[in-house]
Amino acid sequence: MEAGVLHQTVSDVISIREFLQSWDASVIHDSRREAKDSADIETFAELMELDKETVKELDQVCSLDHLKNTQEPVDRWRILGEIPEDLNLMCVRFQKREMEKRKDPAYNMIVQKKIRQKMSTRMNMPTLNQTRRKIPPQFQVTYPEVILTVHIHKPMLTMKDKRPTLTNEHSFLVLGHEKLTELRDYIRCTNDLAIPGDQSDFPDCVMHNYAKDIFKSGFFYIEGTFYNDTRESDCRDYSQNIIKWAKEKNLGQMESHLMEECTFLDLKIRLGQPYVYVHQGDCEHIIIFSDIRLLSSEDPQDTREYPFLTFRIRSRRNVCKVCMTRTAKWVVYDSEYAPENPCFFCDQCFRPLHYDINGIKKGEFKAYKYFDNQAIV
Amino acid sequence: MPPKNYIPAKMVVYQPSAGVKKDFETLLERFTETGTVRYEKFAEIWRSMKMNLYCAGRQNDREVREFIEECFHIASQFWLPPSSFQVRAGALYLLYGLFNFQLCMPRVKIRVTHKMWSDVIEFQAQAREEQHYDLDFIFHKLRLQNAFYFVSEHRELYLATTNFHQTQDLLVPDNFRDETTILEEVFSQDFMEQLSAIHEQYYKMKVALAGPDATTPDRSLDVMENKLIDNITKTMNAFKERRQGRSSRKRKQTEGESSEEDQEDDSSDNDEDSDPTFTPGNIINTKRSTIKASAYTGLAKASRSRRHRQVVMEEDSSPSKMEKKREILKESDADELCQESVVVEYSPKKNAKGKPVSEEEEEVEKEKDHTFSLDMPCLTRDDNSIPGSSADKTSSKPLSKGKKSKRMTGKVLPKMLPNLEYKKKEKEKKRPGQKKRKA
Ligand SMILES: [Zn+2]
Ligand SMILES: [Zn+2]
């Protein structure tokens with residue numbers, strides 16, 4: 001996703017609550033009902049205000065069987081894999097030629113990458129098994145309900161030296177009735193888990209002073225409004241300074257609200273528009289809402305499953321430079337045993353190299369705890 | 001700055017929905033010809049087209065999902081107001097079939113916005129009032145199957161869906177509406193100016209490469225059609241005229257309460273969207289002379305106004321400097337040609353109604369031809385004696401002429417022949433030489 005090829009399309013401002021209210025009761029009823037493939041004559045008779053005999057007849061007339069050439073079931077994977085000879089549809093013929101072209105591995109790679117990129121956020125959709133589970137009533141979703149797709153991107157900060165690029169890190173489905181803080185708590189960022197300071201003197205100390213426990217402040221900035229997290233007493237209001245600055249620069253009026261009091265239904269957003277989530281002082285993540293729709297019965301019905309992770313970036317983990325197998329747990333600076341500076345080590349390789357048999361530090365170096373992105377979610 | 005609707009060539013590489021619109025239109029045309037909205041009739045046509053296998057060949061789950069999303073998007077456009085009642089009825093059956101025969105689990109759903117939904121509900125109310133029970137039944141069945149997503153926008157709006165513009169606008173049905181088309185937006189004045197400037201620059205560089213005194217490019221580089229811009233303008237004008245003619249005819253038709261589509265018209269219609277440089281031969285022949293005049297005057301001026309922007313590059317393209325850049329240029333040449341061939345390839349062919357298969361093959365053959373001719377320059381680099389080099393700049397060479405003819409007119413084969421002959425000669429020229437060396 002290079003910035004150069006973005007055709008960014010942004011919707012008008014949508015009030016999520018108004019969107020929800022715009023649908024009439026019959027649609028809401030539809031969304032709540034479980035899907036039925038086999039026709040239930042009585043339901044139809046009622047819906048169409050006809051007698052059952054007529055409906056039965058209609059069921060025959062409108063059967064899907066009339067759309068098949070043979071009554072044999074279609075072998076899904078076979079049809080996907082190879083095209084029957086006697087098929088003359090234009091789209092299929094184009095696909096046939098496309099398949100020819102894909103015999104070129106280089107071309108195939110580009111195409112597959114494209115498809116993967118485009119469809120990745122839609123693949124990990126909830127399956128029926130998940131939704132059929134028994135759910136305690138207090139965790140049942142309530143209808144009518146909206147479901148939003150939100151994409152969280154990698155912090156811009158980590159790419160300071162490069163041209164800023166957007167890399168989607170996670171995508172979630174969130175419910176309209178959820179608080180913004182529920183999304184915030186689900187955004188995983190390694191910067192939250194950083195442990196400040198050199199730990200080389202006491203590597204065995206159990207440390208839980210994660211950055212997120214020390215610096216708890218954070219905000220979303222969406223359509224001119226700051227949503228500040230003030231759940232903890234020592235949270236700071238980052239937005240004050242920005243609002244003041246914006247006023248001086250005549251950048252328009254900005255508001256500030258409390259994140260923990262705001263649900264997604266209260267938001268007014270543009271789909272496709274980049275907004276921002278800031279935490280740890282200056283760790284900025286672009287967030288984009290891409291879709292709003294009514295919750296359906298095929299979506300997870302348990303509120304505890306939300307925010308529902310539909311996509312997670314697959315990046316390479318950083319492995320220990322000594323054994324090259326285990327995930328790195330330490331970043332070590334100025335080590336004389338390291339092939340590079342700074343260097344990644346796993347715990348098992350870090351200890352024997354840098355400490356003697358009594359656990360005494362050998363030489364001058366600095367060691368910081370490291371949390372790999374792939375290891376934390 | 002690319003114009004608003006500029007589509008980078010990279011994105012044209014794979015269009016999952018190529019041909020889909022054509023198929024749907026064929027199906028719906030045949031359905032409207034029956035003059036009824038009965039599901040039975042629809043099913044007959046659907047069966048004869050083997051539409052239930054429409055997902056064939058989509059390699060994996062991701063691909064088939066993307067494809068089906070596109071299909072729904074296109075099909076649901078026919079289900080909406082500008083279409084006639086009969087087309088909308090056909091579109092509902094179409095969606096019913098597409099939804100149920102999709103080879104995807106869990107099923108892809110049909111996205112409906114609030115606006116769409118109210119239109120659809122209105123349509124269904126009418127159907128019910130007129131006692132088209134099959135329409136009513138199938139609509140209820142889709143609803144019971146939870147076939148719909150109730151959404152706020154037609155598509156997800158996210159950066160990754162970069163071909164949003166492209167797919168949405170290019171594939172909107174044009175048979176049943178008479179608003180401006182994407183074509184006019186894509187080939188805007190601004191775009192044409194830029195294209196013209198680039199083309200000119202490109203031509204100049206090629207001339208510069210041929211030597212200080214050259215007036216025409218080296219033949220090995222002269223593979224681009226020279227009157228490209230003029231031809232596009234002509235095509236656009238022809239298209240506009242025809243469009244106006246049709247829309248007025250259409251209005252008459254709707255007044256006359258006949259919902260049948262003008263079949264002859266439609267068959268040559270829909271492909272212009274995806275292949276703008278293509279115009280049915282008969283039309284351009286009859287109107288050529290009149291259009292030519294207007295097209296030439298309009299564009300020559302426009303291109304000049306842009307030229308100043310290219311000045312820096314032009315200065316840079318002195319022969320001596322260009323000498324070094326040859327390698328690079330060759331590459332970019334190839335790039336450009338490849339892009340062109342891509343466009344050719346993915347544009348649905350006209351007259352598919354007649355004998356579709358043979359034409360398909362024909363096009364594939366032509367493609368091979370085209371790539372073959374790309375290789376030629378390397379073989380003939382030293383051969384500077386260009387046939388007809390005394391002619392002015394705008395004279396087109398055999399190679400480009402061959403290419404042009406295949407895109408611009410309906411009569412493909414006869415005009416391809418000189419091209420083939422040309423190549424034969426090249427081969428013959430080479431062979432004796434080799435023999436001599438051996439001897
Ligand atoms: Zn962060
Ligand atoms: Zn290790």
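Visitor: So buried means under 20% relative accessible area, exposed means over 50%, and partly exposed is in between. Which of these is Arg304(A)?

Guide: This is a predicted model. In it, Arg304(A) counts as partly exposed, because its relative accessibility is 44%.

Visitor: What does Arg304(A) form a salt bridge with?

Guide: Its partner is Asp302(A), and the closest N and O atoms of the two are 2.8 Å apart. Asp302(A) is buried, with a relative accessible area of 5%.

Visitor: And Lys103(A), buried or exposed?

Guide: Lys103(A) counts as exposed, at 61% relative accessibility. Lys103(A) forms a salt bridge with Glu100(A), with the closest N and O atoms 3.1 Å apart.

Visitor: How many salt bridges are there over all chains?

Guide: The structure holds 24. Some form a network, which links Arg184(A), Asp185(A), Asp229(A) and Arg231(A).

Visitor: What about chain B? Which residue does Asp134(B) form a salt bridge with?

Guide: Arg38(B), at 2.9 Å between the closest N and O atoms. Asp134(B) lies in helix α6 (residues 133–144) of chain B and Arg38(B) in the loop between α1 (20–33) and α2 (39–49), so the pair ties together parts that are 96 residues apart in sequence. Asp134(B) counts as buried at 5% relative accessibility, while Arg38(B) is partly exposed at 30%.

Visitor: Now the two chains together. How many residues does the contact take from each?

Guide: It takes 91 residues from chain A and 91 from chain B. The two chains bury about 8,700 Å² between them, and 61% of that is on carbon and sulfur atoms.

Visitor: How many salt bridges between them?

Guide: There are 6 salt bridges between chain B and chain A.

Visitor: Different topic. What coordinates the zinc ion (ligand 2)?

Guide: The SG atoms of Cys320(A), Cys323(A), Cys346(A) and Cys349(A), at 2.2 to 2.3 Å. Along the chain, these donors follow the spacing C-x2-C-x22-C-x2-C. Two of them link distant parts of the chain, 26 residues apart: Cys323(A) is in the loop between β10 (308–312) and β11 (330–333), and Cys349(A) is in helix α13 (residues 347–354).

Visitor: Is Cys349(A) buried or exposed?

Guide: Cys349(A) is buried, with a relative accessible area of 11%. Cys323(A) is partly exposed, at 23%.

Visitor: And what geometry does the zinc site have?

Guide: The site is tetrahedral, with angles of 97 to 117° among the 4 donor atoms. Ideal angles for four tetrahedral donors are 109.5 degrees.

Definitions and conventions. Residues are numbered from 1 along each chain as its sequence is written. Chains are lettered from A and ligands numbered from 1 in the order in which they are written. This is a predicted model: local features need pLDDT of at least 70, side-chain atom pairs count only at pLDDT 80 or more; totals for chains, interfaces and linings use all residues. Side-chain values use heavy atoms; hydrogens and water are left out. Donors are N, O and S atoms within 2.8 Å of the metal (3.2 Å for Na, K and Ca); water is not among the atoms, so sites may look incomplete. Four donors count as tetrahedral if all angles lie between 85 and 135 degrees; four count as square planar and six as octahedral if opposite donors are over 155 degrees apart and all others between 65 and 115; anything else is irregular. Helices (H or I, at least four residues) and strands (E, at least two) are DSSP runs, numbered from the N terminus. Buried means under 20% relative accessible area, exposed over 50%, partly exposed in between (1.4 Å probe, protein chains only). Contact means heavy atoms within 4.5 Å. Buried area is the accessible area (1.4 Å probe) that two parts lose on being put together, summed over both. A salt bridge is a side-chain nitrogen of Lys or Arg within 4 Å of a carboxyl oxygen of Asp or Glu.
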